[in-house]
Each structure stands twice: as structure tokens, then as C-alpha cells.
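Biologist: Could you show me how to read a few local features in this model?

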Amino acid sequence: MSFSDSETSSQGGEYKFFRQFSRDRLLHEMLESTNADSKSWKVLIMDKVTVKVMSHSCKMADITDRGVSLVEDLFRRRQPLPSMDAVYFIQPSKENVVMFLSDMSGREPLYKKAYVFFSTPIPKELVNHIKSDTSVLPRIGALREMNLEYFPIDRQAFITDHERALEELFGDNVQNTRQFDTCLNTMAKRIATVFASMKEFPMVRYRAPKASDASTTTFRDLIPSKLATAVWNCIEKYKSIPNFPQTETCELLILDRSVDQIAPVIHEWTYDAMCHDLLDMDGNKYVLEVPSKTGGQPEKKEVLLEDHDPVWLELRHAHIADASERLHDKMTNFVSKNKAAQIQQSSRDGGELSTRDLQKIVQALPQYSEQVDKLSLHVEIAGKINHIIREIGLRDLGQLEQDLVFGDAGAKDVINFLRMKQDVTPENKLRLLMIYASVYPEKFEGDKASKLMQLARLSSEDMKIVNNMRLLAGSLNSKKSSTDFSLKFDGQKTKQAARKERPGEEETWALFKFYPIIEELIENLCKGELPKSDYPCMNHPSSAEQESTSRFSVRKKAAPATTAPSEKKTGHSVRSRRTPSWAKPQNSDDGYSSDSILNHAVADLRKMGQRIFVFMIGGATRSELRACYKLTTKLRREVVLGSTSFNDPPEYISKMKVISDGKI
């Protein structure tokens, strides 16, 4: 496999999505490359960062299959294994290099031979330090830079693992501090390794400061441009590595959370988002209660909602109501077509089982059990989510949230809801007011905010979260003070937004019209309509890049859109109308044979265009990841979402609480 740019890779046979690139490099380019000298078992040694990189990219079985029998922590006391080779995957820090040299120097090294792979470029002084130890040099089988220090959390998403980015970059008194610089520089270094690893040379664009007057620009306004500069400086150094392209092969758009403060808190009605929002999950881990085999108390069983589960892949981005219906259909189809299920069903109806029937059950049982387990898991989860939705009256709240966003509701509706719905949880009332503040910032000026908080019976700590939204919003232009805090693209104020119908599409599911701002930004970027005044470019695209963009982009560059009188945007509408039916159900007979909708839709992956990377400073959301999947299908260009972290609403609210002071 040649790790060249996306165009070459996609034409070279099987198209590899983002996470597959990471996995293949670690397994083939790193672990398998050490098998040339020796086929014996090896030890894999990592530090606290690289072990996260590996665990996000590969499974333990993958590592074992490549000849690794033991995984060790670099800084833990380890047993000498002088007959075995060691693979070191470590950061190029002075502490790590010193530890490596202590392992391999002297008369009795811990291992027979060492293959050393660094996650980022190693400074020359550390290379010289290694070379100066003459006892170690003959024992080094490889010394290479992998340039891979990001964490793939999804097939098309990665994080830089900066959970405190909002506090460290946007907080009070952080400007020009060591904490600020370290966070930004580490973030840039890790983002740059994405492009070094994939041999992609990006055209780097970023959100420009919102203030028209430079004197009113704050340091928070400049964070995207500072990160873009740091990323660009790192990538420039990679242009000297072998096979790195010299002209642009992809696009990178750097944003911060201020572009959309609604997406992190609005209720997203997909199966994936509802699981993480409403259920008590630990990452992708869900604890399921199953009946006890001995007839006692129910037993707890941990399951992972990840890519290996085909039912999850198919339904994760579907509306919860759609997912529930399709699960019911799958169960019905399964029972009607599976012999073992039919026999078991007939026995429940009072039919007596014959020996022949028992034999058939035994023959079909292993596959039957596996399929039913997968379907039953999701039937239970969907059922639990639907129960919670009914129990807390989430549908009414969700309707008001979306009406606010699309300009169909205002102050009177919010006040009436807070007065009538006293049983709504404090967190949901806070989320509603955060959306309200994003759309109607003037309603939170002076003592208006405290009156709203009193009506909602929220605490001063909750009020602080709404105030902290202003810190993310950055500078306030005096002429636009009422709209800059908002997440709108324009400051027009009329009463209602007319729905924009799309030919051939209809709205199937309620509360599914919301879409995050990045969806619109990515589409405009792809069409060449993203304003360069608002989103400047670090590099001037070469003629080769311009040709490739026109060749690979599905859409032709269109003239700037004009608004017809009948389609005039209205009110405090933050988003135009969208139809939700982009993911048509690709039904299968059972959950075991299901494929993801994206895999089904993108039939000929070799015709995929250049990749688009979007990086969100301050945490990305599940609705934004859904938009990236949707646009990959629509634009036929893989859209990869990067961020400092991925936040579900409760996590985001906790982080917003400590921007101004305190700690998580």
C-alpha cells in the first residue's frame, strides 16, 4: 500500500477511508516491517499518548496477528526479555529517549533488538543523543518517524485529545500564557500529522475575526488564525519528506465553537445522538441488563456501540422513530424467515416440539443466537430511549428548540413554555435558554437574563454558562451588538422563515430539520462560494490544485446565490429550511447482513474526489459528524471531521461552566 495523496490512493484500487489509513500504517508500515529481520514474537512498548493512538486505531487481535505477544508501558518497570525484539512507538521527547537508551544500553539490554518509531518529527539534538551511545546503535533495527499522533474515533473523525481546550484557549487571563501556547502548538502538531500520515497537502482556510475594526478584535477572535498559522508551519516542514505532494491535494477548514453554539446543546433526534444524550453511557459503552440464567437478579452485560456492529452502522444516523420502525421490521422479517425462530415461536404457541424440530434448532442455534442478540440489544435501547422521550415530554421541548432556530418562535413562546412546564429538568431548561440566547442575544441584556433565570428556576452557576457564551462569541462590533453574539450569517430581522421545499424530497420525520452550520460551510467550500474575506486562505492554491478541484468536485462552481423575494430569510431564523430525508432506508432482511447507508450509497469509491477536512476548536458534536457522513455521499468527497474533543450536551455544558473560572 502506498501512502500517497487521496487521489492516487483512491485510484489505486480499494478506497480507504480515514481511520483505515491510520490502522494500515500502524499495522503494516510499523509492526509488519519489523518481521523482515525476525519472525519471532515481539514486545510493543508505548507511552501514555501513543497507546491512545494505537487503541483508537487497532484492536488487540490486530496487534497480536502482527507478531506482538506483549504490550508494555515505557515508564513501568519491565522484565528483561533479552531473546525478544522490541518495537518502540513513542513520542520524541527527551524523557522517552533517555528511557529507551537505558533499556538498550550496557552489557545486558532488556531486549535483543529495538525498532523505534516516533509519533512526530524528532529534534536533531535527540537524534545525536541516540547516535552518541555506541553500545545502543548496533541494537537498533529501525529508527523512523511515523508522524501519526492523532486519535481516530470514527471512520471519518479524529480528535487531538484536548478536553480542556475551551478553558485553556478561551478562558479568562489565558492570553500569552504557557498553557495557551502549549495547547495550541500541540494541537497544531497533531493536526499536521494527519496530513503527513496520509501524504496530503491541504489548502488551509480558517475563520477570520468577526470584528470589522482591528482595535476591537480580541485574542479569542484570533484563535483560528493562530492555529492555522501553526498548522501551516508544521506542514511546510513535511514537504521535504519522500512522496509528500508539492501541490494541494485536499482542503482544510479551521473553525471554532463560536460559529455554532446551538449544535452542542440542541436535542439531536438521531439514534446515535439520543443514545449518548439520554442514556447513561461511558463513551461507546452501554451496560445492558439481561435475564439471569439461574433465575436470580438480572445480570449486567457491557456492549460497545461501534463499527463492528452492522445494525449500529445502519441505524446510527437515522431518526429515532425511523430506527425503531426499522428494528421492528427486522425482527418481524427475521422471525418469519429463520427456521429456528419459527420453531421456537411455534413452541410458545403451544405446539409440541418433535425430535426433528429439536435437531433443527440445534443446527440453527449459533447463528440464530448471534443475530437475535444484536437485534434484541438495539430493540431494548430504542425502546428505552422512546420511554424516556415520553416520560420527560421531550417532544414539546424539541419542537420549541427547532421553532426558535428556524424563526417560528420567540420570547412569548419561551416564557409560556417555562411557566407551563414546571417539571422540565434544569439541564433541559438551561439548554433551551442557551439556544434562546444564541438566537435572541438582546433578550439577555441588563436584568433581562436574571428574570429569565428566575422564571426557569435556574441557579447563578447556570447563568454563568449563558454569560460564558459571550466569551466564545468574541468581539462585539458596536454597530452589530445585537447580532454578533448570535450564530446568524446575517442581521436581518423579520418575522418568519418560509420553508424551502426541495423537488423530489419530503419531510418524513418530525424534529429532523435541524442541521449544523458546518454543513452549509462545507457545501459552500465545495462549490467555491465560501467568502475569502470571512475564511481566508493560508496558501495561494496552485494551478494544479485549481484544476483538480474542478475535476473532483461534484458540483460546478455556481454564481453567488441570490435571494428571490418569495424566499426572503426571515426573523431570528438561524438556519434555512432543510429536508431530512438524505438517508433513505436501505432495508435488509436481518441485522446480521446489514451494511451502513454510506457504504451502500457510495458504490464506486474509486471515483471519490479530494478529501475535505474540517477542524472544530472547542469540541465537535454528533450532528456535525452526521453532516460529514451525509456530505460524503452527496458531494462524493470524503469529509473528515477533526476536533479537540467530541462532546455530548452534558459534557459541553460542564466545560462551558469553567471558561471564566474554576475547574472541571
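**Burial, contacts and helix packing**

Modeller: Let's begin with Thr50, which lies in helix H3 (residues 50-57); helices are DSSP runs of H or I, at least four residues, numbered from the N terminus. This is a predicted model, where local features need pLDDT of at least 70 and side-chain atom pairs 80 or more, while totals for chains, interfaces and linings use all residues. Residues are numbered from 1 along each chain as its sequence is written, and side-chain values use heavy atoms, leaving out hydrogens and water.

Biologist: Is Thr50 buried or exposed?

Modeller: Buried means under 20% relative accessible area, with a 1.4 Å probe and protein chains only. Thr50 comes out at 0%, so it counts as buried.

Biologist: Which residues is Thr50 in contact with, leaving aside neighbours within four places in sequence?

Modeller: Contact means heavy atoms within 4.5 Å. For Thr50 that gives Phe89, Ile90, Gln91 and Ser119.

Biologist: And what does Leu400 touch, not counting residues up to four places away?

Modeller: Leu400, found in helix H15 (residues 394-405), touches Ala409, Asp413, Val414, Phe417 and Leu432. Leu400 is buried too, with a relative accessible area of 8%. Its C-alpha is 9.3 Å from that of Gly410, 10 residues away in sequence.

Biologist: At what angle do H8 and H9 pack?

Modeller: Two packed helices are described by the angle and the distance between their axes. Axes are lines fitted to C-alpha atoms over the stretch in contact, with angles from 0 to 180 degrees between N-to-C directions. H8 (residues 178-198) and H9 (residues 223-238) pack at about 45 degrees, with axes 8 Å apart. The contact includes Phe180 and Leu184 of H8, and Ile223 and Tyr238 of H9.

How values were computed
Helices (H or I, at least four residues) and strands (E, at least two) are DSSP runs, numbered from the N terminus. Buried means under 20% relative accessible area, exposed over 50%, partly exposed in between (1.4 Å probe, protein chains only).
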